[in-house]
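Dear colleague,

I am passing on the structure we spoke about, and below it you will find notes on what came out of the calculations. Please read them with the model open beside you.

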Amino acid sequence: MSNTEARQADSAPPADPPVRSETAALQAIPRPTAAQIAAGLAVVLVLGALTRFFETHVPRWAVDTPFQRVAKSIEYPVYAIALGLLGNVLLTKLSLRERLSAGFRTEFFIKTGVVLLGASINLRILVTAAGPSILQALLLITAVFGFTWWFGGRLGLDDKLRALLSSAVSICGVSAAIAAAGAVQARREQIAYAASLVIIFALPSIFLLPWLAGALGLSDAVAGAWIGGNIDTTAAVAASGAIAGEQTLQIATIVKTTQNALIGLVAIALTAYFTLRVERTPGAARPSARQIWDRFPKFVLGFVGASVIGTIYLASVDKKTGSAHIAIVNDLRTWFLILAFVSIGLEFSLRGLREAGWRPFVVFGSAVVVNLLVGLGLSVLLFRDFSV
């Protein structure tokens, strides 16, 4: 090698590190001590308890004030992420965040929450009482997922981030993004970025969609289908539907749970696509069914299994007993999702936002607009003669 070539080699920028899954990244760093894990979990639990405290007491504090309606409508993801971000700043200032980060088990918390979510989805009710919601969910997810994937590709987004954003905006926000992350082996910072975009766009939708539904003169059923099909988190759908009215809330919940039930299908499709197409090197042998199975996010099966068990159980007991027991499961689910959102805030990195740039924001925002327009058209078409 000549001196000139040697100097060029020395001055060349370092190659980008290989893309690794969250599991691979965790395996590559020094093993945390039990004390560090316990301390990190303690931080998450304390902030989770504070989230529940604020969720319960802020609406009471705001009674008879100009903020009463707003305070009543804010759901736990807002408090959880805000407290997580505050904890993030404090721990960073104290140089403790990295040492305690092993206890911020975002993936475990949210996967457990997704599995518990399945218990509240009665598939028989969805099929018999809300046929139009199934057709709407299939058409809306296909259209919005396809647009987001296409537009993300046009702007040069990483395929894994495209999968997360497409799943999040077309299905059910953070839960869908986590399912997609397991299928495509996404990085932790990509999960945090997708979750942040979901919250950023979901919060104004809570108030905007009920107002637009009233301004457009939509019926309760059409408004509920529009809200349920467009707002990305189940909690935000419940908040927005409650603002619009009880009958609107019922339809919104059914439409959203129908979309939730399709998480598993999307995870299977993404697993197969990334294994067979995206990450398959030219000339390599076709991946076996076992390889696809090893990569498939198993917690999605827990979600489906919980849904089946919940459906069978509710059919075998009286309505009052079933509702009481499902309420306990839902409360437990809420706790796990609170801990997940707190962990997302604790793990959030401005550096990750800067590195991702403006393109993911534009892609997600554009997909939200497409979701609103397509969702409105489908809601009017499928629910205009639907009686609540």
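At 18% relative accessibility, does F336 count as buried or exposed? F336 counts as buried, where buried stands for under 20% relative accessible area, exposed for over 50% and partly exposed for what lies in between, with a 1.4 Å probe and protein chains only.

Before the rest, a word on conventions. This is a predicted model, in which local features need pLDDT of at least 70 and side-chain atom pairs count only at pLDDT 80 or more, whereas totals for chains, interfaces and linings use all residues. Residues are numbered from 1 along each chain as its sequence is written, and side-chain values use heavy atoms, with hydrogens and water left out.

On the whole chain: the protein has 21 helices and zero strands, these being DSSP runs numbered from the N terminus (H or I of at least four residues for helices, E of at least two for strands). Of its 388 residues, 45% are buried. If one takes the contacts (heavy atoms within 4.5 Å) between residues at least 6 apart in sequence, 80% of them join residues at least 24 apart. The accessible surface, from the Shrake-Rupley method with a 1.4 Å probe, is about 19,200 Å², and carbon and sulfur atoms hold 65% of that area.

On the aromatic rings: the structure contains eleven aromatic pairs, a pair being two rings of Phe, Tyr or Trp (its six-membered ring) with centres within 6.5 Å, called stacked when the planes are under 30 degrees apart, edge-to-face when over 60 and tilted otherwise. F53 and W61 make an edge-to-face pair, because their ring centres are 5.8 Å apart and their planes stand at 65°. F53 is partly exposed at 36% relative accessible area, while W61, at 52%, is exposed. F108 and F336 are also edge-to-face, with 6.2 Å between centres and 75° between planes. Since F108 belongs to helix 7 (residues 106-119) and F336 to helix 19 (residues 319-347), this pair ties together parts that are 228 residues apart in sequence. Ring pairs also link F53, F54, W61 and Y79 into a cluster.

A cavity here is a set of points, on a 1 Å grid over the protein atoms alone, where a 1.4 Å probe fits but cannot get out, and lining residues have an atom within 4 Å of a point; points are joined across faces, edges and corners, and the volume is the space filled by probe spheres set on them. The lining of the largest cavity consists of V169, F201, A202, S205, L209, N230, I231, D232, V368, N371 and L372. Helix 12 (188-215) and helix 21 (359-383) are the elements that give two or more residues to this lining, and helix 12 supplies the largest share, four residues.

S205, a residue of helix 12, is buried at 14% relative accessible area and, leaving aside neighbours within four places in sequence, is in contact with P210, I231 and S240.

Lastly, Q259 in helix 15 (residues 246-260) is buried at 0% relative accessibility. Not counting residues up to four places away in sequence, Q259 touches A137, L140, I141, S170, I171, G228 and G229. Between Q259 and L140 there are 119 residues of sequence separation, with 9.3 Å from C-alpha to C-alpha.

With best wishes

How values were computed. On a 1 Å grid over the protein atoms alone, a cavity is a set of points where a 1.4 Å probe fits but cannot get out, and a pocket is an open set with protein on both sides within 12 Å along at least five of seven lines; lining residues have an atom within 4 Å of a point.
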